[in-house]
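Trainee: I'd like to learn how to read a fold like this one. Can we go through it feature by feature?

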Amino acid sequence: MVTVNQQRFPRKRTYLMCSPDYFAVEYAINPWMDVTTPVDRDLAVKQWDRLRETLVGLGHEVHLLTPEQGLPDMVYAANGGFVVDGSVYGARFKHEQRAAEAAAHHAFYEAQGWRFIAPSETNEGEGDFAYVPEAHGGLILAGHGFRTEIPAHAEAQEALGRPVVSLRLIDPRFYHLDVALAAIDDENIVYFPGAFSAASQRVLTQLFPDAVIADDEDAMAFGLNLVSDGANVVLNSEATRLAGKLKAAGYTPVPVELAELKKGGGSVKCCIAELRH
Ligand SMILES: CN(C)C(=N)NCCC[C@H](N)C(=O)O
């Protein structure tokens with residue numbers, strides 16, 4: 001059972017973000033994108049910058065990836081790779097429109113001297129992979145169904161040497177794992193069961209009996225697309241109900257407004273890749 005008012009301790013994180021300088025909704029590759037809805041790019045940059053400042057204000061280190069013209073989704077930096085124990089499993093995007101982002105991420109990691117494993121299989125980085133370091137000795141949770149393909153789960157396990165648990169996503173609104181599930185500390189998660197197949201829900205119940213459970217309203221507000229340092233949970237300001245549940249479980253919700261970036265089908269977590277040494 002989660003103990004109410006339990007004290008939570010933050011752990012300093014290193015993140016990677018990419019400014020939405022070229023952000024636009026020019027194509028629709030997920031149900032949230034509508035090319036007829038206008039996007040205010042200046043506002044997107046302001047909201048993104050506020051998110052970056054929030055992370056820095058919490059004591060975290062934020063690296064920046066240089067945005068590239070013609071790659072309007074590059075702001076969703078979480079999709080460019082998955083980093084565990086100092087090793088990077090690179091991304092291979094499902095949609096042609098985003099394919100070139102993978103090379104930019106690869107170049108960043110190489111320049112920084114990370115061990116990089118080039119993927120053969122389709123996978124969208126932290127969009128579909130989550131890491132829970134103290135759960136069962138260090139567990140990777142991996143989504144499939146819309147973007148990342150199952151063979152990538154086995155490839156990630158070989159690349160990173162940590163067990164990978166495959167979870168099937170069944171609702172196109174929650175097309176990446178990170179809109180349906182997030183690690184809230186080193187051993188626990190929050191998730192929306194309705195985004196997963198019945199069998200995957202059973203797996204999650206078995207592995208995480210103390211998980212915080214979110215509902216459709218929390219998920220639709222992009223509440224699960226969050227980052228947590230183990231104590232402070234940075235999440236979309238629209239997810240007020242989920243913020244309440246996390247507070248009741250002893251975490252400190254830190255709401256941020258990211259309405260412009262929601263138009264591309266992403267929120268807090270999508271903008272942030274965690275670099276785990
Ligand atoms: C929260 N999610 C789903 C992410 N991890 N990334 C957002 C990607 C958005 C982009 N337009 C796309 O559809 O790929």
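Predicted model: local features only at pLDDT ≥ 70, side-chain atom pairs only at ≥ 80, totals over all residues.

Trainee: Which residues of helix 6 are the buried ones?

Mentor: In helix 6, which spans residues 240-248, they are Leu242, Ala243 and Leu246. Viewed down the axis of helix 6, these buried residues fall within an arc of 105°, so they line one face of the helix.

Trainee: Why do residues three or four places apart point the same way in an α-helix?

Mentor: It comes from the geometry: an α-helix has 3.6 residues a turn, so residues at that spacing point the same way.

Trainee: And what is exposed on the other side of helix 6?

Mentor: There you'll find Thr240 and Lys247, both exposed. Also look at what follows helix 6: glycine 250 has a positive phi, near 100°.

Trainee: Let's move to cysteines. How many disulfides are there?

Mentor: The way to read this is by sulfur-sulfur distance, with a cut-off of 2.5 Å. By that rule the count is zero. Take cysteine 18: the closest cysteine sulfur, in cysteine 271, is 9.4 Å away, which is too far for a bond. Cysteine 271 isn't in a disulfide either, as its nearest cysteine sulfur, that of cysteine 270, is 6.4 Å away.

Trainee: Is cysteine 18 buried or exposed?

Mentor: For that, look at relative accessibility, where buried means under 20%. Cysteine 18 comes out at 0%, so it counts as buried. Cysteine 271 also counts as buried because its relative accessibility is 0%.

Trainee: Where does histidine 105 sit?

Mentor: Histidine 105 is in helix 2, residues 101-111. Its relative accessible area is 0%, so histidine 105 is buried.

Trainee: What classes of residue line the largest cavity?

Mentor: The lining has 12 nonpolar, two polar and nine charged residues.

Trainee: What is the volume of the second largest cavity?

Mentor: About 70 Å³. The second largest cavity is lined by 14 residues, with Asn30, Tyr76, Arg98, Tyr175 and Gly264 nearest its centre. By class, that lining splits into five nonpolar, six polar and three charged residues.

Trainee: And the largest pocket: which residues lie nearest its centre?

Mentor: Gln6, Arg8, Asp185, Glu187 and Asn188, out of 21 lining residues. The volume of the largest pocket is about 370 Å³. Its lining has eight nonpolar, five polar and eight charged residues.

Conventions
Residues numbered from 1 in each chain as written. Heavy atoms only, no water. Buried < 20%, exposed > 50% of the residue type's maximum accessible area, 1.4 Å probe, protein only. Helix = DSSP H or I, 4+ residues; strand = E, 2+ residues; numbered from the N terminus. Arc of directions from axis to C-beta. 1 Å grid on protein atoms, 1.4 Å probe; cavity = no way out; pocket = protein on both sides within 12 Å on 5 of 7 lines; lining within 4 Å. Points joined across faces, edges and corners; volume = space filled by probe spheres on them. Nonpolar A, V, L, I, M, F, W, Y, C, P; charged D, E, K, R; others polar.
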